[in-house]
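Dear colleague,

Please find below the structure I am handing over to you. My notes on it follow.

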Amino acid sequence: MSLSGLDLNLVLSLRALLEERNVTRAGQRVGLSQPAMSAALARLRRHFDDDLISRAGKQYELTALGRALQDRTATACDLLERVFTSRADFAPGSEEHEFTLLTSDYALSVFGAELAQRVHAEAPGVRLRFQRTPGDVTEDTETLLSTADGLFMPHGVISGFPAVELFADRWVFLVAETNDEVGDQLTMDDLARLPWVAYQRTYDAPAARQLSMLGIEPHVEVSVDSFQALPFLVAGTRRIALVQQRLAELLSGVAAVRRMEAPYGAVPLQEALWWHPVHTHDAAHIWLRETAARVGAELAPSEPRPPAAVPSS
């Protein structure tokens, strides 16, 4: 059915009805009287040829179609709101605005803090709201992106959406200072033999996925949903962990670990800011992307550490 034949106000009524499961409360939520909301429900039932909500004792429950529509309707409303709040121009120095950005604790630590400082200096009325990237980001990326203004994510995880490059990084390993099973250099045998601490969303570490092509399956003893926790779970143990060099340098000294180069050509990481196409021509979002790109370009390059000096005899 063409959208031209629909009353888009029904989308708001549908969301309220599915979430409130009560005609009176749904009407109060969208500013309609009970008779008007009852009429809206009747129209929706005719359109979908389904009751959507039905009485079960003293309560109302969603039908199977109602449950399927609940998340889709919320996403549609979020997209409509973003479409109709788009601006042709944006004056960062004088306007108030809020951006919601999805991120891991890694990107928040090494980039988000720098971005927040720049935004505060250039646009004091702009607020940044950082939220942790959910684990199912690859399952329905479009829906996820429709709920936020952007997603910090390295290349190789998602594709098919617009993105702006931010910064590059390298992968290094963490080994406990007390781990005398590892010499001055990590070996491939070490990677296969020693237990690992791993970030639980393994797709964030393509360098770890590389190992399977080299015939090594890491023995993951501990998994955690925080890159920043890795050094603490390595210190004082036989475990090793793969971590981004920028974060390892930022956390230098917080735990008794040493950083070591990978014994194979670990593919580097290229962080990017991804967004839903609905934001592409929005002036405020263009400013955000340009600011993020400038901050990323100004980060110091991530370079290999020089080899440790060998003591003279």
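**Helix packing and salt bridges**

Helices α2 and α3 are roughly perpendicular to each other, because their angle of about 105 degrees falls within the range of 65 to 115 that counts as such. Their axes lie 9 Å apart. On the α2 side the contact is made by V23, T24, A26, G27 and V30, and on the α3 side by Q34, M37, S38 and L41. Please note that the model is a predicted one.

V30, which belongs to helix α2 (residues 23-30), is partly exposed, with a relative accessible area of 32%. Together with L12 and L32, V30 forms a nonpolar patch on the surface, and the accessible area of the three comes to about 220 Å².

S13 is located in helix α1 (residues 9-20). Its relative accessible area is 5%, so S13 is buried, the limit being under 20%. Leaving out residues up to four places away in sequence, S13 touches L32, M37, A40 and L44.

R45 is a residue of helix α3 and is partly exposed, at a relative accessible area of 29%. Apart from neighbours within four places in sequence, R45 is in contact with D50, D51, L52 and I53. The C-alpha atoms of R45 and T63 are separated by 11 Å, the two residues being 18 apart along the chain.

I now turn to the charged pairs. The count of salt bridges comes to 15.

One of them joins D225 and R132, with their closest N and O atoms 3.9 Å apart. D225 lies in the loop between β9 and α9 and R132 in strand β4, so this pair ties together parts that are 93 residues apart in sequence. D225 is partly exposed, with a relative accessible area of 25%, and R132 is likewise partly exposed, at 45%.

Another salt bridge is formed by the side chains of E261 and R170, at 2.5 Å from N to O. This pair links distant parts of the chain, 91 residues apart: E261 is in the loop between β11 and β12, and R170 in the loop between β6 and β7. E261 is partly exposed, with a relative accessible area of 32%, whereas R170 counts as buried at 18%.

Salt bridges that share partners also join R15, E19, E20, R25 and R29 into one network. Within this group, the side chains of R25 and E20 meet at 3.4 Å, N to O. R25 is partly exposed, with a relative accessible area of 41%, and E20 is partly exposed at 23%.

With kind regards

Terms used
Residues numbered from 1 in each chain as written. Predicted model: local features only at pLDDT ≥ 70, side-chain atom pairs only at ≥ 80, totals over all residues. Heavy atoms only, no water. Helix = DSSP H or I, 4+ residues; strand = E, 2+ residues; numbered from the N terminus. Buried < 20%, exposed > 50% of the residue type's maximum accessible area, 1.4 Å probe, protein only. Contact = heavy atoms within 4.5 Å. Patch = residues over 30% accessible without salt bridge, like charges linked within 9 Å, V, L, I, M, F, W, Y side chains within 5 Å. Areas by Shrake-Rupley, 256 points an atom, 1.4 Å probe, with all protein chains shown as cover. Salt bridge = Lys/Arg side-chain N within 4 Å of Asp/Glu carboxyl O. Axes fitted to C-alpha atoms, helices over the stretch in contact; angles between N-to-C directions. Parallel < 35°, antiparallel > 145°, perpendicular 65-115°, else oblique.
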